[in-house]
Amino acid sequence: ESHCGVHINAGPEIGVASTKAYTSQILSLTMFALVMSEDRISLQARRSEIIQGLKQLPEKIKKVLELDEKVHKIAKELYEKRSLLIMGRGYNFATCLEGALKVKELTYMHSE
């Protein structure tokens, strides 16, 4: 039971690999961090950078979705492999773990 929470408004989960829930959680945490840093003068420049980056997200998502043929080609190359290693560090580490989880959920391929 909780007395407060953050609604991520990701909509219903249609499949096992719910990337939209993960993405919505990251955005919610980012928005929370922006609110918490609102009164810190020393963080105003960084806050502005982050806000500008968030405004660019719809266009960047469209560009990623245009890569469908390239992704399909890569998927064909990986189709019969036994394992997939997804690497990243720093703030990208959690995204790599999520990517590995999605590979496991969708293909039953070993992935780390």
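Analyst: Start with the helix labels: a helix is a DSSP run of type H or I with at least four residues, numbered from the N terminus. The model is predicted. By that count, H2 covers residues 44-65.

User: Which helix gives the largest share of the lining of the largest pocket?

Analyst: H2 does, with twelve residues. Helices H1 (19-36), H2, H3 (68-78) and H4 each supply at least two lining residues.

User: What makes a residue part of that lining?

Analyst: A lining residue has an atom within 4 Å of a pocket point. The largest pocket has 41 of them. Closest to its centre are Thr19, Tyr22, Thr23, Val64 and Thr95. The pocket holds about 1800 Å³ of space.

User: How do the lining residues divide into nonpolar, polar and charged?

Analyst: There are 24 nonpolar, ten polar and seven charged residues. Tyr counts as nonpolar, so Tyr22 of the lining falls in that class.

User: How do you know that the span of H2 agrees with its number of residues?

Analyst: The rule is 1.5 Å times one less than the number of residues. For the 22 residues of H2, that gives 32 Å. The end C-alpha atoms are 32 Å apart, so the two agree.

User: Where does H2 bend, and by how much?

Analyst: The bend is at Leu57, by about 45 degrees. That is the angle between axes fitted to the seven residues ending there and the seven starting there. A proline, Pro58, follows within four residues.

User: Why is the contact of Arg46 with Glu49 called a salt bridge?

Analyst: The cut-off is 4 Å between a Lys or Arg side-chain nitrogen and an Asp or Glu carboxyl oxygen. Here the closest N and O atoms are 2.9 Å apart, so the pair qualifies. The two residues are three apart in H2, about one helical turn. Side chains of opposite charge can pair when their charged atoms come close.

User: What is Arg46: buried, partly exposed or exposed?

Analyst: Buried means under 20%, exposed over 50%. Arg46 has 47% relative accessibility, so it is partly exposed.

User: How many salt bridges does the structure hold?

Analyst: Four. Among them, Glu105 meets Lys102 at 3.6 Å, N to O. Both lie in helix H4 (residues 93-107), three residues apart. Lys102 has 13%, under the 20% cut-off, so it is buried. Glu105, at 24%, is partly exposed. Glu112 pairs with Lys104, the closest N and O atoms being 3.9 Å apart. That is within 4 Å, so the pair counts. Shared partners join Glu98, Lys102 and Glu105 into one network.

User: What makes the phi of Asn9 and of Tyr108 worth a note?

Analyst: Most residues other than glycine have a negative phi. Phi of Asn9 is near 50 degrees, a positive value. Phi of Tyr108 is near 60 degrees, also positive. Asn9 lies in the segment before H1. Tyr108 sits in the loop between H4 and E2.

User: Why is Asn9 called exposed, and Tyr108 too?

Analyst: The cut-off is over 50%. Asn9 has 72%, so it is exposed. Tyr108 has 75%, so it is exposed as well.

User: Why is His110 called partly exposed?

Analyst: Its relative accessible area is 43%, between 20% and 50%, so it is partly exposed. His110 is in strand E2 (residues 110-111).

Methods. Residues are numbered from 1 along each chain as its sequence is written. This is a predicted model: local features need pLDDT of at least 70, side-chain atom pairs count only at pLDDT 80 or more; totals for chains, interfaces and linings use all residues. Side-chain values use heavy atoms; hydrogens and water are left out. Buried means under 20% relative accessible area, exposed over 50%, partly exposed in between (1.4 Å probe, protein chains only). On a 1 Å grid over the protein atoms alone, a cavity is a set of points where a 1.4 Å probe fits but cannot get out, and a pocket is an open set with protein on both sides within 12 Å along at least five of seven lines; lining residues have an atom within 4 Å of a point. Grid points are joined across faces, edges and corners, and a volume is the space filled by probe spheres set on the points.
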